[in-house]
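Subject: Two-chain model, handover and findings

Hello,

Here is the structure I promised to pass on. Please load it first, then read the notes below.

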Amino acid sequence: MTRVRFDTTDVDVGENESVLDALLRAGADVPYSCRSGVCQSCCLRAVEGRAPSAAQLGLPPTLAALGHFLACVAHPQDDLVCARPGALAGAVDATIRDRESLAADVVRIRLTPNAPFDVKPGQYVNLVRPDGLVRSYSVANLADDDGFVELHVRVLEHGAMSRWIATSASPGTAVTLRGPAGSCVYVPGSPDEPLLLAGSGTGLAPLLGIARDALRHGHRGPIHLMHGGRTAAALYGGDELERLRRSHDNVVVTRCVLDGPGHGDVVEGALDRVIAARLPDLTGWRVYLCGHPDLVRTLQQDTFLAGASLDAIHADAFLTRADAPAAPS
Amino acid sequence: MTSLFERLGGQPAITKAVDVFYRKMLKDPRVARFFATTDMNRQRAKQAAFLTMVTGGPAAYTGKDMRTGHAHLVAQGLNDSHVDVVIEHLGATLAELGAKSEDIAQVAALANSVRDDVLNRASPSGAGR
């Protein structure tokens with residue numbers, strides 16, 4: 001007999017019962033539809049205990065690696081604590097350790113969590129200011145190895161959080177990190193698979209994180225890192241990309257600008273065009289896309305049509321308040 | 001008798017079929033516009049559910065799902081000829097995965113049986129179409 005916890009429900013799972021059946025019997029509010037492992041309405045995430053692999057068939061490998069499973073076909077061997085898929089796992093107080101400008105409008109902050117904080121490179125966290133203001137940022141580093149969390153913050157003209165980070169959040173400032181969330185993560189197990197990591201703006205942060213994670217796991221297949229910006233000034237992180245390229249034979253870096261001439265290693269052209277020209281056949285590739293929502297949507301479709309499997313395309317579209325309709329003031 | 005779903009190889013075959021089927025739809029200018037603003041991850045799960053149903057796997061779709069799920073497309077002009085295109089690609093996809101022609105005919109019949117739900121109209125009970 002195994003025990004399952006979800007929200008305030010705590011219930012034994014019967015011999016022939018699924019996790020969904022047990023939770024519904026105990027009155028838990030779990031969405032569901034087909035009850036046969038197809039529609040994925042009842043997807044939950046195991047935050048403690050091992051999700052039964054038979055209940056992960058049909059889920060993208062990133063979600064499976066993060067413990068997601070389909071409750072309606074789950075007959076767990078271990079006790080489980082479950083959460084809704086999008087739920088932020090926890091919160092930890094953290095201290096800003098240092099802050100550095102990476103470009104005219106990008107600031108890097110590194111934070112030391114005051115307690116263990118389990119976040120995979122490529123996932124995102126909610127940064128909460130003491131007054132409650134909150135924004136999401138992706139993790140660019142191997143936080144568990146490094147002992148700190150690295151975030152890249154695009155400084156927006158009217159960005160309440162980003163301007164505060166750029167001007168006031170000095171070393172020693174206390175904040176809270178909530179999360180992690182997101183499923184744009186490296187999945188170990190296919191070390192020879194070619195990887196395309198493409199994005200714009202601070203989409204570079206999770207892409208760097210994923211690349212670092214892949215290399216840490218001994219990934220041998222080619223890793224194409226492609227970063228696009230409107231102008232050369234929008235491209236940052238060139239030194240870090242160059243370091244990665246120099247120290248790993250399988251890393252290929254391409255940087256491109258939309259407006260105006262390429263120079264050095266920076267080529268002229270829209271990111272989607274550059275990808276199409278350099279990697280016309282993505283059959284068998286794993287693809288990670290991060291950055292501006294319009295670009296991410298375009299690249300999702302383009303890379304799929306170029307042969308990448310839907311299961312192998314992972315996207316994280318960055319929504320900023322600047323993209324939303326202006327709120328009346 | 002085993003279902004086509006089982007004979008094709010169950011869930012992993014459906015995952016592969018969604019890739020082939022969805023790519024055919026996106027590459028076909030007759031229907032591609034209906035996917036212009038679609039969330040591909042959600043679409044992936046829906047198409048898997050659809051392909052599972054029409055191949056005789058565990059059914060997840062109901063008529064009501066079909067109606068609400070396609071209502072916005074009907075408003076954009078989705079009609080019988082688009083459904084025909086879907087069924088054409090469905091057959092070609094299953095053929096690529098090794099289904100026999102009698103299986104494909106059966107799947108087409110099943111897909112046709114939800115046509116009225118998809119197009120959000122009353123079933124033609126006796127009346128001509």
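Which residue forms a salt bridge with B:Arg7, and how far apart are the closest N and O atoms? The partner is B:Asp103, and the closest N and O atoms are 2.9 Å apart. B:Arg7 sits in helix H1 (residues 4-8) of chain B and B:Asp103 in helix H6 (residues 101-113), so the pair ties together parts 96 residues apart in sequence. B:Arg7 is partly exposed, at 40% relative accessible area. B:Asp103 is buried, at 7%.

One caveat before the rest: this is a predicted model.

Chain A

Chain A holds eight helices and 17 strands. Its radius of gyration is 21 Å, close to the 20 Å that the globule rule gives for 329 residues, so chain A is as compact as a globular protein of that length. The C-alpha trace spans about 65 × 50 × 40 Å along its principal axes. Of the 329 residues, 53% count as buried. Take the contacts in chain A with a separation of 6 or more: residues 24 or more positions apart account for 65% of them.

Chain B

Chain B has seven helices and zero strands. Its radius of gyration is 14 Å, close to the 14 Å from the globule rule for 129 residues, so chain B is as compact as a globular protein of that length. Its C-alpha trace spans about 35 × 35 × 25 Å along the principal axes. Buried residues make up 47% of the 129. Among contacts between residues at least 6 apart in sequence, 73% join residues at least 24 apart.

The interface

The contact takes 21 residues from chain A and 24 residues from chain B. About 1,800 Å² is buried between the two chains, and carbon and sulfur atoms give 56% of that area. On the chain A side, A:Val38, A:Phe304 and A:Leu310 lose the most area to chain B, together 33% of what that side buries.

Seven residue pairs are in polar contact between the chains, both residues at pLDDT 80 or more. By class, the chain A side has ten nonpolar, nine polar and two charged residues.

How many salt bridges are counted between chain A and chain B? The count is one. A:Asp311 meets B:Arg44 there, side chain to side chain, at 2.4 Å from N to O. A:Asp311 lies in the loop between helix H8 (293-305) and strand S17 (313-317) of chain A. A:Asp311 is buried, with a relative accessible area of 17%. Leaving out residues up to four places away in sequence, A:Asp311 touches A:Pro60, A:Pro61, A:Arg286, B:Thr15 and B:Arg44.

Other salt bridges

Over all chains, the search finds 33 salt bridges.

B:Arg30 pairs with B:Asp28, with the closest N and O atoms 2.8 Å apart. B:Arg30 is partly exposed at 42% relative accessibility, whereas B:Asp28 is buried at 7%.

B:Asp80 and B:Arg121 meet at 3.0 Å, N to O. B:Asp80 lies in helix H5 (residues 80-96) and B:Arg121 in the segment after helix H7 (115-118), so this pair ties together parts 41 residues apart in sequence. B:Asp80 is partly exposed, at 29%. B:Arg121 is partly exposed, also at 29%. Both belong to a network of salt bridges that links B:Asp80, B:Asp84, B:Arg115, B:Asp116 and B:Arg121.

Best wishes

Note on methods. Residues are numbered from 1 along each chain as its sequence is written. Chains are lettered from A and ligands numbered from 1 in the order in which they are written. This is a predicted model: local features need pLDDT of at least 70, side-chain atom pairs count only at pLDDT 80 or more; totals for chains, interfaces and linings use all residues. Side-chain values use heavy atoms; hydrogens and water are left out. Contact means heavy atoms within 4.5 Å. Buried area is the accessible area (1.4 Å probe) that two parts lose on being put together, summed over both. A salt bridge is a side-chain nitrogen of Lys or Arg within 4 Å of a carboxyl oxygen of Asp or Glu. A polar contact is a pair of N or O atoms within 3.5 Å; within protein, one must be able to donate a hydrogen and the other to accept it, and residues adjacent in sequence count only if both atoms are side-chain atoms. Ala, Val, Leu, Ile, Met, Phe, Trp, Tyr, Cys and Pro count as nonpolar, Asp, Glu, Lys and Arg as charged, and the others, Gly among them, as polar. Helices (H or I, at least four residues) and strands (E, at least two) are DSSP runs, numbered from the N terminus. The radius of gyration is taken over C-alpha atoms; the globule rule is 2.2 Å times the number of residues to the power 0.38. Buried means under 20% relative accessible area, exposed over 50%, partly exposed in between (1.4 Å probe, protein chains only).
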